[in-house]
Amino acid sequence: MAVMTIRNIDDSLKHRLRLRAAQHGRSMEEEVRDILRSVLSAEVSQEVDAGQAIHQRFAKLGGVDLPPVSREAIRDVDFGM
């Protein structure tokens with residue numbers, strides 16, 4: 001098994017970790033192992049492009065019907081060249 005040292009942990013984070021470990025009746029080290037195990041064992045979703053990610057986030061809110069926008073033909077512009 002590998003050994004890992006984590007430096008520069010916020011005092012408030014360490015305090016919360018100590019409390020959480022005590023609530024679960026284990027050491028801080030075992031609590032960290034359990035947290036890492038649970039987070040890293042979660043199934044990683046497939047990569048989604050930005051458009052799909054935005055669509056998935058807001059799809060449950062429903063769609064919006066926008067009125068059609070009238071457009072003019074493209075005009076020729078003379079830049080005097």
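Glu31 is found in helix H2, and in this predicted model Glu31 counts as buried, because its relative accessibility is 0%, where the cut-off for burial is under 20%. Leaving out residues up to four places away in sequence, Glu31 touches Leu17, Arg20, Ala21, His24 and Arg26.

**Overall architecture**

- The protein has three helices and zero strands, and read from the N terminus its elements follow the order α-α-α.
- The radius of gyration of the protein is 27 Å, whereas the globule rule gives 12 Å for 81 residues, and because the value is well over that figure the protein is more spread out than a compact globule.
- Along the principal axes, the C-alpha trace of the protein spans about 75 × 40 × 30 Å.

**The contact of H1 with H2**

- Helix H1 covers residues 11-23 and helix H2 covers residues 28-41, and the axes of the two come within 9 Å and cross at roughly 90°; this crossing makes H1 roughly perpendicular to H2, because angles of 65 to 115 degrees are classed that way.
- On the H1 side the residues in the contact are Lys14, Leu17, Arg18, Arg20 and Ala21, and on the H2 side they are Met28, Glu31, Val32 and Ile35.
- Sorted by class, the contact of H1 with H2 holds five nonpolar and four charged residues, with no polar residues.
- An α-helix has 3.6 residues a turn, so residues three or four places apart point the same way.

**Individual residues at or beside that contact**

- Ile35, like Glu31, belongs to the H2 side of the contact with H1, but Ile35 counts as partly exposed, because its relative accessibility is 28% and so falls between the 20% and 50% cut-offs.
- When neighbours within four places in sequence are set aside, Ile35 is in contact with Leu17 and Arg20, and both of these residues are also among those that Glu31 touches.
- Arg18 has its place in helix H1, and at 44% relative accessibility Arg18 counts as partly exposed.
- Between Arg18 and Ala42 there are 24 residues of separation in sequence, and their C-alpha atoms lie 24 Å apart in space.

**The segment before H1**

- Asn8 lies in the segment before H1, and at 80% relative accessibility Asn8 counts as exposed, because the cut-off for that class is over 50%.
- The phi angle of Asn8 is near 60°, which is a positive value in a residue other than glycine.

**Helix H3**

- Helix H3 takes in residues 50-58, and because the number of buried residues among its nine is zero, H3 lies largely in the open.
- The N-terminal end of H3 is capped by Asp49, which has a side-chain oxygen 3.1 Å from the backbone nitrogen of Gly51.

Methods: Residues numbered from 1 in each chain as written. Predicted model: local features only at pLDDT ≥ 70, side-chain atom pairs only at ≥ 80, totals over all residues. Heavy atoms only, no water. Axes fitted to C-alpha atoms, helices over the stretch in contact; angles between N-to-C directions. Helix = DSSP H or I, 4+ residues; strand = E, 2+ residues; numbered from the N terminus. Parallel < 35°, antiparallel > 145°, perpendicular 65-115°, else oblique. Contact = heavy atoms within 4.5 Å. Nonpolar A, V, L, I, M, F, W, Y, C, P; charged D, E, K, R; others polar. Buried < 20%, exposed > 50% of the residue type's maximum accessible area, 1.4 Å probe, protein only. Polar contact = N/O pair within 3.5 Å; in protein donor to acceptor, adjacent residues only side chain to side chain. Rg over C-alpha atoms; globule rule 2.2 N^0.38 Å.
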